[in-house]
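Colleague: I have a model open and want to learn how to read it. Can you take me through sheets, helix packing and a pocket?

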Amino acid sequence: MSRRRSALLRMVCLVLIIGACCRMTPVFAASDQEDTTITKWKMKWVGESEEQGSVPSELDPKWFLVSPTDPIPVRPEGVKGAWIQFHVPAVTGQTEVVHFPRVYAMNLEVYLDGHSVLQLTRHSYYTRNSFSVPIALSDSNKTLSMWIEPSPQLHQLGLAKPAKIMSVNENQHNLIRETALDFSISGGLAILGLASIVAGLIQGRQHREIWIYLGVFLLCSSAVMAINTYELYVASTSYYKMVVFDISLLSGLFALLAFYETTLGSGKFNTIRTAKRFQLVYLAIVSPLSVLNLFFESELSKIYYPLSTKILALVMIIHFSLMILNAFFIARKGRMEAIVFSVGFVIFAMVGAGEMIGFSFFKEFDYQPHLWKWGLFLFSVSLMIIVGMKVGENRRQLVKYSHELEMFNTELQRSEKMDIISELAASVAHEVRNPLQVTRGFLQLLDGKYSSPTDTTYVKLALNELDRASGIITDFLTFAKPGAEDVVPLNLANEFEQVENILQPLAHMQGGRLEISIPTDLHVLGNPSKFKQAIVNIVKNSIEAFLEDGLVEISARSNGEYVAISVKDNGEGMELAEISRLGEPYFSNKSKGTGLGLMVTFRIIEAMKGTIQFKSQKGKGTEAIIRLPVAPKLASVPE
Ligand code: ADP
Ligand code: MG
């Protein structure tokens, strides 16, 4: 949960930083010179049948006055063009321009005192012109006339914004200000998109799809944005860009749905998958149509325009509603990816919707929507975060799996080894024990029948060695039969008292001592001799690890379900690598060690359904913690 929260926090920070960047739109120092806005101009319609003629005289009776507060003129029926005329104000600087921010017209030509100075001719439908006419000192007070021809797509014809006189510098600054930001967003997205696609191509199969879908979506978003950039729209006279725009929009939508499906699933009732398939069909129909429309516009426009505008808008609304509804649904279950998607999308949708509302409400202020690009950018960032999260999660899974696999492998090896040993042990020990016991019996029969005292010593030595051999065999047999039978309730305090009796002398011999404090009311189930053997093995190791002034502290406590017995020494301790080998057969660091002690101990504790855990620090000491299930309460527990 806390990891989730910190991820959310990180994302919020990112959004804030990007938001802050948005506000830092480059603002170029305005020119010290005030702009001069043309506040009035004359206009005159020219009918189909009339001659366009040369620049009309100022005294022509058909002129009518237009000011910036008037609505943009709508051309009357049967008009083939119009003239616009005004006086250039006194020019003060050397290099100035008359800037026309927006002229609704297709083709146009500008004259200064009757001399043509600029001509713009389009070969396909075109509506919004933006251009500047350079003027010099000598052009002061000249008459500027402009011939404009209407675009068939637009009923309005004329200046949508008043012309301005400004310095060339300012003109350039404005141009950069209007475009730099737009191009940097779309350029950034294009680079990210390409990078994602490349990343997808070099990825393993697992992540390929998600990277490529993301890349395609980013590239398409970038294209849609770039084409919407005012300057690109103005600069390119070709209609091909609309083909690119439509295909990018449709493919981007498809890539988004596919991305959604791979990261968040196919949605309730498979809605996302269905939407994706539908979009693919839509793309396959509209893309060729948009190309064909270039050549057969008159025949196709009736089908193509609705398909690429009104119907598409409806389709987009449905797709987006499906995605956001599903995301909310998944986000409610706490899936982080869905939360990120929802946040990114809601930002995008709110910015977009806010701007649409602003756009339609303040039409007369000629507001140009542009914030939606930042919305789209933030949304793209949220998609990238989702990819990052997905990759991170997969990596974590992989690490977890490999860790589990490794543990499983070691466990398997261990248990295989154990099985072999226990089988060997059982058979060999059994076979050897019988002849050993017979030999011991015969040796005892000879007791008292020797002539020399040295014979007595030899027989004693022989008996001792036979007992040692039998001890080792007992270890092996215990391993094979760890005493899961003959189980009785054991009082821990009693058992440890006996252990103390056996081992306290050994501890003293090694220059140390045992300190045992066990509550008298703790009971576990087990075979008494096996249990003692297990504990003796552990405590003996502690004693053998004594440095100087050795101490073994043995204590126990219970939580009602388990008893935890701690055997803690201040001996030489172990390295991590040694700890991991404890219980392995023949693992011993002692010259006379067998490396069987802990193996047997583990086996016995395991048979008692308990666990052993070792904590150790080289040079400081070792603590063995044995956990055993508490014996069920009995009326007659032997004290
Ligand atoms: P052995 O005692 O015959 O060597 P064990 O199985 O009893 O065999 O112990 C294996 C090894 O584990 C020991 O040789 C010793 O190196 C290490 N060991 C076990 N317990 C301790 C301890 N309390 N302190 C330091 N080393 C220990
Ligand atoms: Mg030992």
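Predicted model: local features only at pLDDT ≥ 70, side-chain atom pairs only at ≥ 80, totals over all residues.

Colleague: What is the strand order in the open sheet of six strands?

Modeller: Terms first. Strands (E, at least two residues) and helices (H or I, at least four) are DSSP runs, numbered from the N terminus. Two strands pair if DSSP finds at least two bridges between them. Here the six strands run in the order β3-β2-β4-β9-β6-β7, with antiparallel pairing. β3 (64-66) and β7 (115-120) are the edges; each has a single partner strand, so one side of each lacks a neighbour in the sheet. The twist averages 25° from one strand to the next. Axes are lines fitted to C-alpha atoms, for helices over the stretch in contact, and angles run from 0 to 180 degrees between N-to-C directions.

Colleague: How many bridges join β2 and β3?

Modeller: Three, in the antiparallel sense, with β2 covering residues 41-47. Lysine 42 sits opposite leucine 65 of β3. In a regular strand the side chains alternate between the two faces of the sheet.

Colleague: Which strands stand at the edges of the five-stranded sheet?

Modeller: Its order is β13-β15-β16-β18-β17, and the pairing is mixed. β13 (512-517) and β17 (611-617) are the edges, each with a single partner strand, so one side of each has no neighbour in the sheet. Neighbouring strands here are turned by 15° on average, direction ignored. Inside, β15 (residues 550-558) runs antiparallel to β16 over seven bridges. Arginine 557 faces alanine 564 in β16.

Colleague: Which strands pair with β11?

Modeller: β1 (residues 36-37) pairs antiparallel with β11 (residues 164-167) over two bridges. Threonine 37 has lysine 164 as its bridge partner. β5 (residues 96-104) is also antiparallel to β11, over four bridges. There valine 98 partners isoleucine 165.

Colleague: Now helices. At what angle do α5 and α6 pack?

Modeller: Angles under 35 degrees count as roughly parallel, over 145 as roughly antiparallel, 65 to 115 as roughly perpendicular and the rest as oblique. α5 (residues 240-264) and α6 (residues 271-295) pack at about 170°, with axes 9 Å apart. They are therefore roughly antiparallel. Their contact has 17 nonpolar, four polar and three charged residues. Ala, Val, Leu, Ile, Met, Phe, Trp, Tyr, Cys and Pro count as nonpolar, Asp, Glu, Lys and Arg as charged, and the others, Gly among them, as polar.

Colleague: What about α12 and α13: what is the angle there?

Modeller: About 40°, with the axes of α12 and α13 10 Å apart. That makes α12 oblique to α13.

Colleague: Which helix gives the largest share of the lining of the second largest pocket?

Modeller: A pocket is an open set of points on a 1 Å grid over the protein atoms alone, where a 1.4 Å probe fits, with protein on both sides within 12 Å along at least five of seven lines; lining residues have an atom within 4 Å of a point. α13 gives the largest share, eight residues. Of the 45 lining residues, the closest to the centre are Lys540, Asn541, Glu544, Lys590 and Gly597. The lining divides into 16 nonpolar, 17 polar and 12 charged residues.

Terms used: Residues numbered from 1 in each chain as written. Chains lettered and ligands numbered in written order. Heavy atoms only, no water.
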